[in-house]
Amino acid sequence: MNAIELNHIQKSFGSFAIEDLNLTVPSGTICGLVGENGAGKSTTIRLLMNALRPDSGTAKVLGVDASSPEFRAVKEDVGVVLDEAYYPETLTALQVGKVMAGTYRRWNQKRYDEFLSRFDLPGKKPFKDFSRGMKMKLAIAVAMSHQPRLLILDEATSGLDPIVRDEVLEIFNEFTREEDHSILISSHILSDLEKLCDYIAFLHRGRLLFCEEKDRLLETYGVFSGTAEQLASLREEAVVGREASGYGGIRALVRREDVPAGLELERAAVEDIILFMVKGAKK
């Protein structure tokens, strides 16, 4: 069973639209959803959680149509962390735990307490006095403590310092060691996604440009550095995008299979691939 299936999703907001979105996240994998601000990442997550209804197409989560009455029960199996954490301002972390114990059937109080300790979160401090990073850590602790099978994370690592981010990424990795556990995560920190994800899905202006296995994606592309004349000698279809570099040079994202075998290329990071594709109309 796939954890997530979006089939031919259309959703229009006047000047912006999600267009024919098809996205599959296999069970047991981590998929990174990337794209510039306004690309449609948060809208996609809202469609998955039935907070928005598509104009057409279907969204399935853990095998159940998100628009069906049965989806209400499936939400027990989905842990969600949005780009902002929303809890009553006067509640403490300990009180949030008591509220969640009455909300989720499989709430694991011991696990929640362990996360509060692991994240160094104060139990008796009001939520309104939490920093942004503390708020995100509390939201992650809640999402992980009702024993979900799927995590949907929208900028869940934003506001965390690098040391805590690494710890959170390791927690997510641990989560998917169980084969029926899966994650969809959006983030602007592309280096995090490169470390964490099995798949990368790239949304641009409401269109899914690709969803590829990360390792295959990194094998497909390389970065060329040289002169404009050297670049011009390559086949046109080899060049995905280009930019000027210092001293009259040029950098370009190229498809490895379309360039001469002896041509020296730098490794392309996920960030390189995304940035060149966003910028990168061929000139």
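Q: Which conventions apply here?
A: Residues are numbered from 1 along each chain as its sequence is written, and side-chain values use heavy atoms, with hydrogens and water left out. As this is a predicted model, local features need pLDDT of at least 70 and side-chain atom pairs count only at pLDDT 80 or more, while totals for chains, interfaces and linings use all residues.

Q: Which strands pair with β8?
A: Strands are DSSP runs of E of at least two residues, and helices are runs of H or I of at least four, numbered from the N terminus; two strands pair if DSSP finds at least two bridges between them. Here β3 (residues 30-34) runs parallel to β8 and is joined to β8 by 4 bridges, with glycine 32 partnered by isoleucine 185, and β7 (residues 150-154) pairs with β8 in the parallel sense over 5 bridges, with aspartate 154 opposite serine 186.

Q: Are the residues of β8 buried or exposed?
A: Buried means under 20% relative accessible area, exposed over 50%, and partly exposed in between (1.4 Å probe, protein chains only). In β8 (residues 182-186), 5 of 5 residues are buried; Ser182, Leu184 and Ser186 point one way, and Ile183 and Ile185 the other.

Q: What does threonine 92 contact?
A: Contact means heavy atoms within 4.5 Å. Leaving aside neighbours within four places in sequence, threonine 92 is in contact with Gly123, Lys124, Lys125 and Pro126; threonine 92 lies in the loop between β6 (78-81) and α3 (93-101), and is buried at a relative accessible area of 11%.
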